[in-house]
Every structure is written in structure tokens, then in C-alpha cells.
Amino acid sequence: MVLSGVSKMGQGFPMAAVLLVTLANAVSARAATPEQAKAFSERAAAYIKQVGEEKAFADFTRPDGGFVQGELYVFCYDRDGVNKAHGGNPLFVGKNLLHIKDPDGKEANFEIVKIGFEQGQGWVDFKWPNPVTKKIQRKSAYVIRTNDVVCGVGYYME
């Protein structure tokens with residue numbers, strides 16, 4: 001079959017490949033899923049145990065540390081709400097963010113610390129700026145207590 005003078009096996013094939021790559025990129029640019037956030041959080045907890053807190057926190061915070069993928073990033077808090085790592089905003093590291101409120105007045109970090117230290121792990125829902133879209137969106141984070149910190153990864157629900 002000939003399309004506009006180009007056979008399918010000829011120059012038309014590279015165009016199909018370009019279309020497939022474009023579609024694949026569009027799929028990878030989609031929002032993350034709850035399963036991806038939970039798996040990313042579990043990977044972060046295992047990494048802390050493997051390399052120790054100091055190296056893990058540094059890697060979690062660095063964009064090229066292997067723990068920032070689009071809207072997915074790791075954040076960690078100690079029992080008092082002091083941020084130990086934040087892949088979405090490194091300026092948070094070292095600051096007490098326990099009582100920061102989302103637009104609805106919810107103290108998300110207080111909830112994160114509470115769930116982590118009281119239950120060991122679980123989901124926390126809140127509103128937070130999406131680093132990809134730059135919009136405040138509904139977010140759900142899976143948090144896990146590892147040693148004496150709570151770390152988590154969230155996905156945006158919108």
C-alpha cells in the first residue's frame with residue numbers, strides 16, 4: 001500500500017516510530033498512581049536501612065539522587081516535625097514544618113508525623129503544590145516510619 005507516494009516500509013515507518021515515541025512520552029507524563037507512590041515510599045524506607053540516614057536524606061533531596069521522578073519525590077520528618085529531606089523543595093530541609101497548614105487549614109505534616117509514629121505507616125490526604133504543574137492540588141501520601149523518622153511519597157489526585 002502506498003500513502004502519498006511513500007510505502008509503509010519506506011519513509012513512512014520512521015513517522016510511525018515518532019508517533020509511538022510521542023505517545024509513550026505522553027503516557028509517562030501522566031499523573032502518578034497510588035501504587036507508584038506507595039512503592040516509591042517503600043523503596044525509600046529500604047534505602048534508609050541500606051545506606052543510613054545521612055546518605056539517604058542527601059539523595060532524597062537531590063534532583064539527581066534517584067528519588068525524584070516528576071511529581072513523585074521523597075520527604076522525611078523527625079518526631080518534632082523538622083524536615084530531614086525534601087525532593088520537592090530542598091529549602092524545607094532543616095525547618096520545622098509541623099504546623100504548616102494547607103489551603104483548607106489542615107496541618108498535613110502534623111498528620112504525617114502522627115500516622116507514621118502511631119501506626120507505622122499509612123495514607124495522609126491534603127492539598128500541596130504540585131512541582132510539575134505548579135498548582136495546589138489534592139495529594140495523598142503514603143508514609144512509613146523508618147528508624148526515628150517518617151518518610152513518604154505522594155501522588156496528586158487531580
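Analyst: The chain has four helices and eight strands. The model is predicted. Buried residues make up 38% of the 158 residues.

User: How do helices H2 and H3 pack, and why is H2 called oblique to H3?

Analyst: Helix H2 (residues 34-51) and helix H3 (residues 53-61) pack at about 140°, with axes 7 Å apart.

User: What makes up the contact of H2 with H3?

Analyst: Seven nonpolar residues, no polar ones and three charged ones. From H2, Ala 44, Tyr 47, Ile 48 and Val 51 take part. They meet H3 residues including Phe 57 and Phe 60.

User: Why is the pair of Phe 75 and Tyr 77 called tilted?

Analyst: The ring planes stand at 55°, with centres 6.1 Å apart. Stacked needs under 30 degrees and edge-to-face over 60, so this pair is tilted.

User: What makes Phe 92 and Trp 128 edge-to-face?

Analyst: Their planes are at 65°, which is over 60 degrees, so the pair is edge-to-face. The ring centres lie 6.2 Å apart. Phe 92 is in the loop between E5 and H4, and Trp 128 is in strand E6, so the pair ties together parts 36 residues apart in sequence.

User: How do you know whether Phe 92 is buried or partly exposed?

Analyst: Buried means under 20% relative accessible area. Phe 92 has 22%, so Phe 92 counts as partly exposed. Trp 128, at 13%, counts as buried.

Methods:
Residues numbered from 1 in each chain as written. Predicted model: local features only at pLDDT ≥ 70, side-chain atom pairs only at ≥ 80, totals over all residues. Heavy atoms only, no water. Helix = DSSP H or I, 4+ residues; strand = E, 2+ residues; numbered from the N terminus. Buried < 20%, exposed > 50% of the residue type's maximum accessible area, 1.4 Å probe, protein only. Axes fitted to C-alpha atoms, helices over the stretch in contact; angles between N-to-C directions. Contact = heavy atoms within 4.5 Å. Nonpolar A, V, L, I, M, F, W, Y, C, P; charged D, E, K, R; others polar. Phe/Tyr/Trp six-rings, centres within 6.5 Å; stacked < 30°, edge-to-face > 60°.
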